[in-house]
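User: Can you walk me through this one? I'll ask as I go.

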Amino acid sequence: MLSIKHTLFLVSGVSSFIIFYMGLVNFITSVDNSTGLILLIFSIFVAIGTLLATVSISKSITKPIEKLTQNMTKFSKTKKMSNKNKIKTNIKEIFELNENFENMGKTVEKTIEVQKEYVEKLKIMDRKKVEFSSMVSHELKTPLVPILGYVQMLQQEELLGKLNEKQKEAVDEIYLSTKKLERLIGDILTTQKLDLGKLVFDKENINISELLYGIIKEFELETTERKINININLSENLQIFSDKNRINQVFSNLIKNSIGFVSSNTGNITIGAKDSFNDVEFFVQDNGIGISAENQNELFKKFYQVDTSTSRKRGGSGLGLAICKGIVEGLKGKIWVISEENVQTTFFFKIPKKSIKISVPNKLK
Amino acid sequence: MGYYKLSKTERVKTKQKEVIESLEILIIDDNEQITKMLSTFLELKKQKCTVANDGKEGLAIIKENRHDVILLDLAMPEFDGYAVIKDLEESNTLKDHKIIVFTASTITQEELDVLVDRGVHSYILKPIDIDILLSKIIETANS
């Protein structure tokens, strides 16, 4: 790279030499010796003058530029403008350059200051969110304790006496609704924790065949009652080192959805897993109403429900799939859906065989 | 779901007959609706219940009488469950009691593990099916 200093020296050196050379030639070839000598001496002076002028000009240009460069380097490291090393210059261009740099520096300083304030505010908001959600959760769960307790006492005739059929039905309905409310509170809390990166994952060796049979058992009563066929498709027995309860939760949410969308008597649900390089690929497949292409993209968003009338009937919270996504991603996996309307829907999720213990990255929203 | 839980109830019932006739249970919880419900239930299940509606009162009862199991709420105004645990810890008597922390607070697994390490017997998160609660109480008393 060329420096201003060297370029100036080169140009002035060459021009001084030419002046000197012309004086010399003039002196040698001139008839009148005294005039030639005067011209030679004059040319020597001019040459030296040019060189000296160059040195001084180059200094007055390069010095402030060097200083400016130093200041810039320092600023880019510290992000702070310093009052030391002030630049003094008479050269208009450099003066303006420095002034612009100083203004820019001040703006950057201010922006950083504002940014810091925002980060601080976000941190406080984050903390408030956590405090609020734990407060709400505590306040919502507490009254559920006596409600659930008395309902369960009413369900046992040896405790609070025999109920007639209608009363029994009513109590069972209260029980189911209370359970739903309990689940909803749990779902909201889980979502909250996922958002704040506070969900911690445990890891253990999981036998996948045991896991799948265990999950199916949870739904046995509901599926037999509605004559929905539910089976397992597992070609080989697999192991995974991951969070059992959370994988279970993903399966539960997906199966609950499937059960909600298949018809009684003809409903068919298959759950399974297969080996996929470093991952285990799980799936839940059903022959329910399916999901249109446009809804498939929105599906994993919070509180998104395909059709409010059906979901109201099903009593979902609209958080199930968002939770699934949060959990799967927290376990370093991926979740997706393939669906053909009124034919078949399959939810897939892939989880590394050895997922690392991490909490979901903190998303500041 | 409801039916599933009921079948569990039946298991609890048979188990219960094999074991103890009556346990002395202390419930420390500031929520009177909860303590009333629990004592109603436990008494119907032929258990003996003492209720304390705050930590200080609970601590006094703990020091006066032995109980087979103590159900301890964490979040209480002023003298809370943590204060009760700390007090017992300071007098070196925490491990003499079978304390089940019974809480609706948002508490992490790690925090619960710390409590158990300190000498709390176990924990139950609210809300819970009362029959499972009873089976846990019996389990704790027999441990």
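User: Anything to know before we start?

Analyst: This is a predicted model, where local features need pLDDT of at least 70, side-chain atom pairs count only at pLDDT 80 or more, and totals for chains, interfaces and linings use all residues. Residues are numbered from 1 along each chain as its sequence is written, while chains are lettered from A and ligands numbered from 1 in the order in which they are written.

User: OK. How many helices and strands in chain B?

Analyst: Chain B has 6 helices and 5 strands. Helices (H or I, at least four residues) and strands (E, at least two) are DSSP runs, numbered from the N terminus. The order from the N terminus is α-β-α-β-α-β-α-β-α-β-α.

User: And what percentage of chain B is buried?

Analyst: Of the 143 residues in chain B, 37% are buried. Buried takes 20 or more other C-beta atoms within 10 Å of the residue's own, exposed is 12 or fewer, and partly exposed is in between, with C-beta atoms placed from the backbone.

User: What's the strand order in the chain B sheet?

Analyst: The 5 strands form an open sheet in the order β2-β1-β3-β4-β5, and the pairing is parallel. Pairing here requires at least two DSSP bridges between two strands. β2(B) and β5(B) (122–125) are at the edges with a single partner strand each, so one side of each has no neighbour in the sheet. From one strand to the next the twist averages 20 degrees.

User: How many bridges between β3 and β4 of chain B?

Analyst: β3(B), residues 69–72, and β4(B), residues 99–103, pair in the parallel sense over 3 bridges. Ile70(B) is opposite Ile99(B) there.

User: Which strands does α3(B) touch?

Analyst: Helix α3(B), residues 55–64, packs on the sheet and touches β1, β2 and β3 of chain B. Its direction makes about 160 degrees with that of β1(B). Axes are lines fitted to C-alpha atoms, for helices over the stretch in contact, and angles run from 0 to 180 degrees between N-to-C directions.

User: Now α2(B). What's buried there?

Analyst: The buried residues of α2(B) are Ile34(B), Thr35(B), Met37(B), Leu38(B), Phe41(B) and Leu42(B). Their arc around the axis is only 165 degrees, which puts them on the same side of α2(B). The arc is taken over the directions from the helix axis to the C-beta atoms.

User: What do they pack against?

Analyst: They pack against α3 of chain A, together with β1 (24–28), β2 (48–52) and α6 (130–142) of chain B. Contact means C-beta atoms, placed from the backbone, within 7 Å.

User: Switching to chain A. What's its strand order?

Analyst: Another open sheet of 5 strands, in the order β2-β4-β5-β7-β6, with mixed pairing. The edge strands, each pairing on one side only, are β2(A) (229–234) and β6(A) (334–340). The twist averages 15 degrees from one strand to the next. β4(A) and β5(A) pair in the antiparallel sense over 8 bridges.

User: Which strands does α7(A) touch?

Analyst: α7(A) packs on the sheet and touches β4, β5 and β7 of chain A, its direction making about 20 degrees with that of β5(A).

User: Why does its length check out?

Analyst: Because the 18 residues of α7(A) (244–261) should span 26 Å at 1.5 Å a residue, and the end C-alpha atoms are 26 Å apart. The expected span is 1.5 Å times one less than the number of residues.

User: Last one: is Lys88(A) buried or exposed?

Analyst: Lys88(A) counts as exposed because it has 9 C-beta neighbours inside 10 Å. Lys88(A) lies in the loop between α2 (33–78) and α3 of chain A.

Notes: Contact = placed C-beta atoms within 7 Å.
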